[in-house]
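Morning, everyone. Please have a look at it first.

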Amino acid sequence: MTGTGICTGRVAAVTGAGRGLGRAHALALAAEGARVVVNDLGVAPDGAGSSAGPAQQVADEIRARGGRAVAHTGDITTTDGAASLVATALDAFGRLDTLVNNAGFLRDRMLVNLDEDDWDAVIRVHLKGHFLPLRHAAAHWRAEAKAGRTPDARIINTSSGAGLLGSVGQGNYSAAKAGIIGLTLVAAAELARYGVQINALAPAARTRMTERTFAGTMAAPAEGEFDAMAPENVSPLVVWLSSADSAGVTGRVFEAEAGRITVMEGWRPGPTADRKSRWTPAGAGEAARELLAAAGTPQPVYGAR
């Protein structure tokens, strides 16, 4: 495989790596020298069914290109599945250096039509599916640090513009992706002492999850034109964040699409009023109106009219 070798000697586990962004990340990591655990449950776009095929196909593709990879088809939204992901990396390659949390699916509905099962399923795969692999990888790295072998470890979580701004018809997905940002910030603060850096990515790319929901912006370009929405455009940042070269970068959120990378600055205090005593409702309302007039205009929710 060709590349600069920026991840040579490192072992990366990528969830949801059978297709789309995860597949692009797994291939890019392998091209840069990483040994890769390719996780995918092989579900449909709405999470139904399962198949070992997608994970195995990507692992086979990496090996055919001269890289090293193994497939993992466990369900990372379960304790056993997440634990076995870490165990697979250790058994196959003797170490784990990077975890890329990417697995997910959609069950889009307007809130008044969104039933409890669709809410729970999306929260489970995105938010719990980030927490459990993170928790088991962190436990391994903490044990390594306590044994005097402090790791140089990385976790890259996958949020979304929907988690940053909201997206009409995706209340469950937006809530999960916003939760991933909160999880990233807490984990980065808690795990720094063990040699673990954790960042989040809000990518925009053409995948099974986006090519229908955002068909207009995700369309493939004319032949010969730059494919701005190709998943492979996002992977270079993932590779760099996975590498030792990203030392000192943690607790940050990046947007990545096409040829653009943006550092997101998140919630920061804006205009403030303090009367040094309790407000009346009318006074609080008057102050709020004045503060809003002085504040910047928020970006619109995706799909809002």
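Start with a term: two strands pair if DSSP finds at least two bridges between them. Helices (H or I, at least four residues) and strands (E, at least two) are DSSP runs, numbered from the N terminus. Now the ground rules. This is a predicted model, so to speak of local features we need pLDDT of at least 70, side-chain atom pairs count only at pLDDT 80 or more, and totals for chains, interfaces and linings use all residues. Residues are numbered from 1 along each chain as its sequence is written, and side-chain values use heavy atoms, with hydrogens and water left out.

Strand 7 (residues 253–257) and strand 8 (residues 260–264) pair in the antiparallel sense, over five bridges. Find glutamate 255: its bridge partner in strand 8 is threonine 262.

Next, strand 5. It runs parallel to strand 4 (residues 98–100), and three bridges join them. Threonine 98 stands opposite arginine 154 of strand 5. Is strand 5 enclosed or open? Six of the six residues of strand 5 (residues 153–158) are buried, so the rest of the structure largely encloses it. Buried means under 20% relative accessible area; exposed is over 50%, and partly exposed is in between (1.4 Å probe, protein chains only). In a regular strand the side chains alternate between the two faces of the sheet. Here both faces are covered. Ala153, Ile155 and Asn157 are buried on one side, and Arg154, Ile156 and Thr158 on the other.

Now a helix. Valine 58 lies in helix 2 (residues 53–64). Valine 58 is buried too, with a relative accessible area of 2%. Between the C-alpha atoms of valine 58 and serine 167 there are 31 Å. Along the chain, those two are 109 residues apart.

Last, a charge and a ring. The charged end of arginine 275 sits over the ring of tryptophan 279, 5.5 Å from its centre. The rule: NZ of Lys or CZ of Arg must be within 6 Å of the ring centre and within 35 degrees of the ring normal.

So, which residue stands opposite arginine 154? Threonine 98 does. And which residue is the bridge partner of glutamate 255? Threonine 262, in strand 8. Thanks, all.
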